[in-house]
Amino acid sequence: MAAPSRQEIFKKVQQALVDALSVEEDEVREDATLTGDLQAESIDILDIVFRLEKTFNIKISQEELTPRDILSNPDYVSNRKLNPAGLAALKERVRHADFTKFAQDPDIDKILDVFTVGTIVNFVEAKLAAAK
Amino acid sequence: MRWIWFDRFEEFLPGERAVAVKNVTLAEDHLHDHFPAFPVMPASLMIEGMAQTAGILVGHARNFTEKVILAKIKQAVFHEVIRPGDQVRYDARIEHLTDAAATTHGEIRCADRLVGEVDLVFSHIDQNISGLEFPEENFVFTEEFMALLKTYTQRDTERITL
């Protein structure tokens, strides 16, 4: 079977988000942030992960999603801000997100802001490619 | 008043499925207000009954070491009303179970009729992704709760091993 196109993946991700967050389809754009624009709470993230696992038949580990070990490492974090080494470790781990804006104020309480709809599509696309 | 919204387990397959039974009776005070002269079981309490059935199933899957909290109602739909004298069955199945959370699919039946569907998300709150900390004591599965659970297993021991 041919790998699904990015548009096909986007459509399924969009449906998962519409169902999980009770938002309208047109609100789920590539650049919409999950916690900001779509007002997802942390438990919604877990709900979304479970839905994506089911939809795409993939496994998503907690570490891939929110690297708690990095965010709680005193070598990387002081006053709830990531230092450059921490930021580098985070980028290495969470490869499909754009950290440009987060890097300006690396407050670990704002980490979920880096996740956009597009990030999820990238993530799923890479997961499916790796599973082949 | 004790906040237990089912009467006994009918089936318990650890880590998979639990079926609990609730007998609805006019001795329940709230039915006289919901509604006067037309008593029906509040849908919110059927969600609670399902959450308790499914929550115990999820708690058991980790030997009651996690604090299992109802975090989200994914879906709750009801097809008909439940009245005094009815017996409802909460049939809960685990869909996903991870270190951080679980989701369950639940069907509520009366006789052979499907009267409701309730899908839930539970959090193991000590494993929350925000890194929040909670008291060490397990305030969900308390000693009192575990003692009550024992009464279920003693009575239903032939059918249920918890």
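In the predicted model, helix H1(A) meets helix H7(A) through A:Arg6, A:Ile9, A:Phe10, A:Val13 and A:Leu17, which face A:Val117, A:Gly118, A:Ile120, A:Val121, A:Asn122, A:Val124, A:Glu125 and A:Leu128 of H7(A). The residues of this contact divide into nine nonpolar, two polar and two charged. The two helices, H1 spanning residues 6-21 and H7 spanning residues 117-131 of chain A, have axes that come within 9 Å and cross at roughly 120 degrees, an angle that makes H1(A) oblique to H7(A). The handedness of the crossing of H1(A) and H7(A) is right-handed.

H1(A) also packs against helix H2 of chain A (residues 42-56), the axes coming within 10 Å and crossing at roughly 140 degrees. Because angles over 145 degrees count as roughly antiparallel and 65 to 115 as roughly perpendicular, this value makes H1(A) oblique to H2(A). The crossing of H1(A) past H2(A) is right-handed. On the H1(A) side, the contact involves A:Ile9, A:Lys12, A:Val13, A:Ala16, A:Leu17, A:Asp19, A:Ala20 and A:Leu21, and these meet A:Asp44, A:Asp47, A:Ile48, A:Arg51, A:Leu52, A:Thr55 and A:Phe56 of H2(A). By class, the contact of H1(A) with H2(A) comprises nine nonpolar, one polar and five charged residues. A:Ile9, A:Val13 and A:Leu17 of H1(A) take part in the contacts with H7(A) and with H2(A).

Elsewhere in chain A, A:Tyr76 lies in the loop that runs between helix H4 (68-71) and strand S1 (77-78). With a relative accessibility of 23%, A:Tyr76 counts as partly exposed. Apart from its neighbours within four places in sequence, A:Tyr76 is in contact with A:Ile70, A:Lys81, A:Leu82, A:Asn83, A:Ala85, A:Gly86 and A:Ala89. The C-alpha atoms of A:Tyr76 and A:Ala88, twelve residues apart in sequence, are separated by 9.5 Å in space.

Chain B contains two helices and six strands, and from the N terminus on its elements follow the order β-β-α-β-β-β-β-α. Its radius of gyration of 16 Å is close to the 15 Å given by the globule rule for 162 residues, so chain B is as compact as a globular protein of that length. Taken along the principal axes, the C-alpha atoms of chain B fill a box of roughly 50 × 35 × 30 Å. Of the 162 residues of chain B, 47% count as buried, and among the contacts in this chain between residues at least 6 apart in sequence, 67% join residues at least 24 apart.

Methods
Residues are numbered from 1 along each chain as its sequence is written. Chains are lettered from A and ligands numbered from 1 in the order in which they are written. This is a predicted model: local features need pLDDT of at least 70, side-chain atom pairs count only at pLDDT 80 or more; totals for chains, interfaces and linings use all residues. Side-chain values use heavy atoms; hydrogens and water are left out. Axes are lines fitted to C-alpha atoms, for helices over the stretch in contact, and angles run from 0 to 180 degrees between N-to-C directions. Helices (H or I, at least four residues) and strands (E, at least two) are DSSP runs, numbered from the N terminus. Angles under 35 degrees count as roughly parallel, over 145 as roughly antiparallel, 65 to 115 as roughly perpendicular and the rest as oblique. A crossing is left-handed if the near helix is turned anticlockwise from the far one by less than a right angle, and right-handed if clockwise. Contact means heavy atoms within 4.5 Å. Ala, Val, Leu, Ile, Met, Phe, Trp, Tyr, Cys and Pro count as nonpolar, Asp, Glu, Lys and Arg as charged, and the others, Gly among them, as polar. The radius of gyration is taken over C-alpha atoms; the globule rule is 2.2 Å times the number of residues to the power 0.38. Buried means under 20% relative accessible area, exposed over 50%, partly exposed in between (1.4 Å probe, protein chains only).
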